[in-house]
Amino acid sequence: MHELSIAYNIVEIALAAANNAGVTQINTVNLRLGALAGVESESLRFGFEVAVKGTLLEQARLVIEDVPVRVYCAACATTAELPDLRRFLCPRCGAPTDQIISGRELELVALEYDDAPAREG
Amino acid sequence: MPRLLEVRQGVLSENDRLAADLRQRFARAGVFVVNLLSSPGAGKTRLLEETMRRMSATRRVAALVGDLATDNDAQRLARSGAPARQITTGDLCHLEAHLVEKHLEGWDLAQLDVLFIENVGNLVCPTGYDLGEAARVVLLATTEGEDKPLKYPGAFISADCVVVTKIDLAEAVEFDRQAAEHNINAVHPGIPIIYTSARSGAGLESWIDWLDMRGRRNQ
């Protein structure tokens, strides 16, 4: 269960970015999560709810984009999505491969917020 | 009006940055650093105790040992005669680069050939945390069953070598070596597999040869 500490990392990075940009309320946190990142989405959502308490992220929604594992197959000289994490075989030709192109991502992509309404005058 | 603030930052980027610093520091000092991963009870400490005892005659070895609550492991490793230090993580289920850095204080890395980092017993959480190691080794005990690699592919994929432990018990627990090799190769094709028993000493020479070979390559 390291998802809580991951959630605190996310909040810390989001707060720093928001501070830098002068953003005072965040609606959505967009995260990319690879299938090999070793992070369980449900536990992360739970951890996120705990970690945002008392911050300007308190009302924010966590949106997780799942990133599948893609491997490079030297035999076909191409990349393909791996349908089964328990079989590192090229889905086209069946050759074994350990060349992972993506799927380890754990990245805070962006924050969504509402622009403060323009003042009159 | 809804707006988007682009961040594009790795959630573990701070750990990655510290780990990169550590890796440079280890390389400058000429110390070969190995991160050991396994589930609880797979025999990390026992394997390390025997490994360090055998290596310390001709090489300068030391260990950092992660554990949730006790310092029993460091005490056991100290019996090998090599320096060992405990990292008590509290409720943290994995080691992070800043913990490693903190616990290196006072050690002259240039006086070491090999530094082992025994991670907290867990095959999920430690996977994503780079500690600046030059090699990552995952242990699989014969008593755990042959399907561990399929249950925890992340750990096996990120490793450079698999050490099968407790082969003295293989027969008693009906360990199926072929099935284990098949499963390991399914998630990490071609990874070296070394069979060991810290109790009988079987395979320890091959394991130490592998460490020496990787250590040399690292220089």
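Me: How are helices and strands assigned, and how many are there in chain B?

Reply: Helices (H or I, at least four residues) and strands (E, at least two) are DSSP runs, numbered from the N terminus. Chain B has 8 helices and 8 strands. This is a predicted model: local features need pLDDT of at least 70, side-chain atom pairs count only at pLDDT 80 or more, and totals for chains, interfaces and linings use all residues. Residues are numbered from 1 along each chain as its sequence is written, chains are lettered from A in the order in which they are written, and side-chain values use heavy atoms, without hydrogens and water.

Me: What is the radius of gyration of chain B?

Reply: The radius is taken over C-alpha atoms, and the globule rule is 2.2 Å times the number of residues to the power 0.38. For chain B the radius is 18 Å, close to the 17 Å from the rule for 219 residues, so chain B is as compact as a globular protein of that length. Its C-alpha trace spans about 65 × 45 × 35 Å along the principal axes.

Me: What share of chain B counts as buried?

Reply: Buried means under 20% relative accessible area, exposed over 50%, partly exposed in between (Shrake-Rupley method, 1.4 Å probe, protein chains only). In chain B, 55% of the 219 residues count as buried.

Me: Which contacts in chain B join residues at least 24 apart?

Reply: Contact means heavy atoms within 4.5 Å. Among chain B contacts between residues at least 6 apart in sequence, 72% are of that kind.
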